[in-house]
Amino acid sequence: MDAPDLTTTLDGVGERLRATRRQRGGTLAQLSAATGISVSTLSRLESGQRRPTLELLLPIASAWRVQLDELVGAPPTGDPRIHPRPVNRHGRTFIPLSQQPGGLQAYKILMPPPTSTRLPPLQTHEGYEWLYLLSGRLRLRLGTQDLILTRGEAAEFDTRTPHAIEAAGGKSAEILALFGPQGERMHVRGPAKPE
């Protein structure tokens with residue numbers, strides 16, 4: 001954001017604060033009691049005599065239960081559509097469905113039928129995984145359990161428990177999966193294993 005736009009945005013905060021307070025029917029004294037910010041500071045913020053800071057705006061946004069963006073008149077965010085770039089790992093196709101770095105990541109996984117009668121090895125890593133079967137059948141080996149999931153079923157598990165998943169029934173499977181950072185690194189970003 002260019003400096004003139006930033007100045008214009010900050011100059012409009014006081015008016016939005018006053019409008020929000022009046023819309024809610026509150027007084028400066030009530031807002032002061034809810035936020036711990038003095039009445040004089042709130043008054044100066046509304047009149048534009050005090051420059052807004054996060055330390056002041058966050059408690060106000062919380063007290064009024066509004067988004068911070070609403071108080072500062074933030075410009076709209078960019079295009080929310082995700083343009084996935086599929087990743088092929090371990091014979092599976094991972095299609096990213098989220099783009100925010102860090103935290104949970106969503107993937108659609110296209111899983112071909114097994115090419116061998118050998119069972120994939122059980123693996124462990126830190127974190128949790130959540131799976132939802134869109135089509136096909138899925139074999140989930142989790143610790144001592146050997147489960148078959150069918151379309152519309154979901155599973156959630158602690159990945160410190162030894163686990164392995166593969167398509168079942170001789171056909172492909174499609175799943176939605178949520179991985180934490182450790183699971184994403186293990187399944188999507190880790191080195192490919194020999195087939």
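Predicted model: local features only at pLDDT ≥ 70, side-chain atom pairs only at ≥ 80, totals over all residues.
Q: Why is L133 called buried?
A: L133, in strand β4 (residues 128-135), has a relative accessible area of 1%, and buried means under 20%, exposed over 50% and partly exposed in between (1.4 Å probe, protein chains only), so L133 is buried. Not counting residues up to four places away in sequence, L133 touches L138, L149, T150, R151, G152, E153, A173, E174 and I175, where contact means heavy atoms within 4.5 Å. L133 and L149 are 16 residues apart in sequence, with their C-alpha atoms 7.2 Å apart in space.

Q: What makes T161 and Q99 fall into their accessibility classes?
A: T161, in the loop between β7 (154-158) and β8 (163-168), has a relative accessible area of 29% and is therefore partly exposed. Q99, in the loop between β2 (92-96) and β3 (105-111), has a value of 51% and is therefore exposed. The contacts of T161, not counting residues up to four places away in sequence, are with Q123, T124, L142 and G143; the C-alpha atoms of T161 and G143, 18 residues apart along the chain, are separated by 5.8 Å. For Q99 and H83, 16 residues apart along the chain, the C-alpha separation is 8.9 Å.

Q: Why are α2 and α5 called roughly parallel?
A: The axes of α2 (residues 13-24) and α5 (residues 54-64) come within 11 Å and cross at roughly 25°. Axes are lines fitted to C-alpha atoms, for helices over the stretch in contact, and angles run from 0 to 180 degrees between N-to-C directions. Angles under 35 degrees count as roughly parallel, over 145 as roughly antiparallel, 65 to 115 as roughly perpendicular and the rest as oblique, and α2 and α5 are therefore roughly parallel to each other. Their crossing is left-handed, a term used if the near helix is turned anticlockwise from the far one by less than a right angle, with right-handed used if clockwise.

Q: Which residues form the contact of α2 with α5, and what is its make-up by class?
A: V13, L17, T20, R21 and R24 in α2 meet L57, I60 and W64 in α5. By class, this contact has five nonpolar, one polar and two charged residues (nonpolar: Ala, Val, Leu, Ile, Met, Phe, Trp, Tyr, Cys and Pro; charged: Asp, Glu, Lys and Arg; polar: the others, Gly among them).

Q: How do you know on which side of α5 its buried residues lie?
A: In α5, L56, L57, I60, A61 and W64 are buried. They cover an arc of only 120° around the axis, which puts them on the same side of α5; the arc is that of the directions from the helix axis to the C-beta atoms. The face turned away from the buried side carries the exposed residues L54, E55 and S62, whereas the buried residues pack against α2, α3, α4 and α6 (68-72).

Q: What can be said in the corresponding way about α3?
A: The buried residues of α3 (residues 28-35) are L28, L31, S32 and T35. Their arc around the axis is only 105°, which puts them on the same side of α3. On the other side of α3, A33 and A34 are exposed. The cover over the buried residues of α3 includes α2, α4 (39-47) and α5. Just after α3, G36 takes a positive phi of about 80°.

Q: Why are α3 and α4 called roughly perpendicular?
A: Their axes are 9 Å apart and the helices pack at an angle of about 115°, and α3 and α4 are therefore roughly perpendicular to each other. The crossing of α3 and α4 is right-handed. At the contact, L28, A29, L31 and S32 in α3 meet V39, L42, S43 and E46 in α4, a set with five nonpolar, two polar and one charged residues by class.

Notes:
Residues numbered from 1 in each chain as written. Heavy atoms only, no water. Helix = DSSP H or I, 4+ residues; strand = E, 2+ residues; numbered from the N terminus.
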